[in-house]
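Please find below a colleague's note on the structure shown here. The points are numbered and may be read in order.

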Amino acid sequence: MMSYGDKEEEVDLHSSHEEMESLVLDDPPDGQSHGRNGQLSRPVMINYDPLLSSSPSYADRQSPDSPFDSFLEPPSYAEAIFTSFDSSSNGRDGSPDFSSTSNALSSEFLSISVSDPLRMDELNNSLVPGGSGYYTYLITTTTNLPEYGGPGSEFGVRRRFKDVVALSDRLLESYRGFFIPMRPDKNVVESQMMQKQEFVEQRRVALEKYLRKLALHPVIRKSEELRMFLEAKGSLPLVRSTDVASRMLDGAVKLPRQLFGEPGAAVDLQEVVKPAKGGRDLLRIFKELKQSMTNDWVGSKTMVVEEDKKFLEKKGQLMDIEQQLGEVSQQAESLVKAQQDIGETMGELGLAFVKLSKFETEEATVESQRVRAADMKNLATVAVKASRLYRELNSQTVKHLDKLHDYLGVMLAVNGAFSDRASALLTVQTLSSDLSSLHTRIERLEVASSKIFGGDRSRLRKIEELKDTLRITEDAKTRAVTEYDRIKENNRSELERLDREMQEDFTQMLKGFVLNQVGYAEKMANVWESLAEETRDYQKDHS
């Protein structure tokens, strides 16, 4: 789905936009324009900014002389909105970043900016100088967190997109169960279709937004992974745990030993607390795949199941919320497009009346033509002012309703954390099945060995090997259960934080959207009302 931020641009009134923006209507030498019947009205200039003007008060509009009795029932909101409204965003750039999770965070800050993209040549992969390359970005950090050196700490490093990918992978592996913001996509196809500088700027903005979200997470902001990314000079080493090729190679080397039942090779105690999909333990991947198929297709009751009914209920609710957010987000995009279209159309209308007014003025032979030209001139001015107000309104609409799109991204992070939980549970289930299978095999071998006088040495040796594997597997299951419990606790704390922040963010979003609609509607009403005041003699002429 396209973000509203992609639409956040000045209203382009097609080929005549620049002409309309710089247009100043020719006024008489005394700086005043003539209204209807030769009466003086305000000087008419198209490049006048109505947002800087003072609006008539509610009392003025309710005066007996005003033809607009009860035109706007509420008092004027406009001035308050345009001077203080932006404070409601809490400096989060419209993103749901959980920045108010506790009062303790209010005195701590970790500010990150991304700037100065610089192209570097990829000499190792290119036979032609300059034929292949990448961009690095200057990442500047200002903070008072003790993990970064305390108050007054400021530093900068250069990073490429691949470094951001590595950071994301490390965080996802080390902080399972947390709602970790999703990193920007690589967008290879988009980079080939877009102008290079446009793509680089979009990536810079996306990287900055991503890093700022990480900086606002109460756990990730103090992590060693993020600190190293922001502080370490030079190129970041590729940690082996994030090198997929190395993992697959290790898994392939170890697989024969596991298949032949070599003691200690069946279970890796270090890997059971990590996702199986990494590839270092291929046998584990196969076993968990088999367990997953057993759970889904066979329908047999597993020995370990998700028993937290409150969590399951909350998970279902969030799935419904995600669907509803998607629908509301689409409608919000339609609103942004509609406001943009009406602003463009209003501006084109104003420009057309400007040209018609000039034509009438130049070709006028009688006074009625000049009066009509002055009336059209005033209408053109107001139409262009209204167009600019629609542009400002659309910018504010994007600013606030874009939070809907941002929360769709949050839901991706939520789903990722829930997947961590399901993966950890699957590991526990698989190890439980392994233990049951080991116990069965040992019992069968013991029964078979007992039938032979003096015992069967080969069976006895196998029994001892299986018991060694059993002890290792039991230890692995204990670690897997601990990891599963840790992920469940992370889910619980994150869900509580999500509830708090959704309440705050959506309240601010709705408040900002409604107040801006009211404020700009009143501004537009003031502009059109002033034109109606200047043309009030229409009613007399037609009575």
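This is a predicted model: local features need pLDDT of at least 70, side-chain atom pairs count only at pLDDT 80 or more; totals for chains, interfaces and linings use all residues.

**Notes on the model**

1. Leaving aside neighbours within four places in sequence, Glu225 is in contact (heavy atoms within 4.5 Å) with Leu167, Arg170, Leu171, Ser174 and Tyr175. Glu225 itself belongs to helix 7.

2. Residues are numbered from 1 along each chain as its sequence is written, and side-chain values use heavy atoms, with hydrogens and water left out.

3. As to the overall architecture, the chain has 13 helices and 5 strands. Helices (H or I, at least four residues) and strands (E, at least two) are DSSP runs, numbered from the N terminus. Of the 543 residues, 43% count as buried; buried means under 20% relative accessible area, exposed means over 50%, and partly exposed lies in between, with a 1.4 Å probe and protein chains only. The chain exposes about 29,200 Å², of which carbon and sulfur atoms supply 55%; the areas come from the Shrake-Rupley method with a 1.4 Å probe, and for residues only the protein chains shown count as cover. Among contacts between residues at least 6 apart in sequence, 76% join residues at least 24 apart.

4. Not counting residues up to four places away in sequence, Ser357 touches Ala373, Met376 and Lys377. Ser357 is buried, at a relative accessible area of 4%.

5. Strand 3 (residues 110-121) and strand 4 (residues 133-143) run antiparallel and are joined by 10 bridges; two strands pair if DSSP finds at least two bridges between them. Within this pairing, Arg119 stands opposite Tyr135 in strand 4. Strand 4 also pairs with strand 5 (residues 153-160), again in the antiparallel sense, over 8 bridges. Here Thr140 stands opposite Gly156 in strand 5.

6. How many salt bridges are there? The count comes to 25, a salt bridge being a side-chain nitrogen of Lys or Arg within 4 Å of a carboxyl oxygen of Asp or Glu. Side chains of opposite charge can pair when their charged atoms come close.

7. In helix 6 (residues 196-216), Arg204 and Glu201 lie 3 residues apart, about one turn of the helix. Their side chains meet in a salt bridge at 2.9 Å, N to O. Arg204 is buried, with a relative accessible area of 16%, whereas Glu201 is partly exposed at 36%. The two residues also belong to a network of salt bridges that links Glu201, Arg204, Glu208 and Arg212.

8. Salt bridges within a helix are found elsewhere too. Glu231 and Arg227 both lie in helix 7 (residues 224-231), 4 residues apart, or about one turn of the helix. The closest N and O atoms of this salt bridge are 2.6 Å apart, and Glu231 is partly exposed, with a relative accessible area of 21%. In helix 11 (residues 367-450), Glu367 and Arg370 are 3 residues apart, about one turn, and their salt bridge spans 3.3 Å, N to O. Glu367 is partly exposed at 46% relative accessible area, and Arg370 is partly exposed at 40%.

9. The structure holds 5 aromatic pairs. One of them, Tyr148 with Phe155, is stacked, at 6.3 Å centre to centre and 15 degrees between the planes. Rings of Phe, Tyr and Trp (its six-membered ring) pair if their centres lie within 6.5 Å; planes under 30 degrees apart count as stacked, over 60 as edge-to-face and the rest as tilted. Both Tyr148 and Phe155 are buried. Elsewhere, ring pairs link Phe179, Phe311 and Phe418 into a cluster.

10. Two arginines lie over aromatic rings. The charged end of Arg160 sits over the ring of Tyr134, 3.6 Å from its centre; a charge sits over a ring if NZ of Lys or CZ of Arg is within 6 Å of the ring centre and within 35 degrees of the ring normal. Arg421 lies over the face of Phe311, at 3.5 Å from the ring centre, and Phe311 is also one of the rings in the cluster with Phe179 and Phe418.
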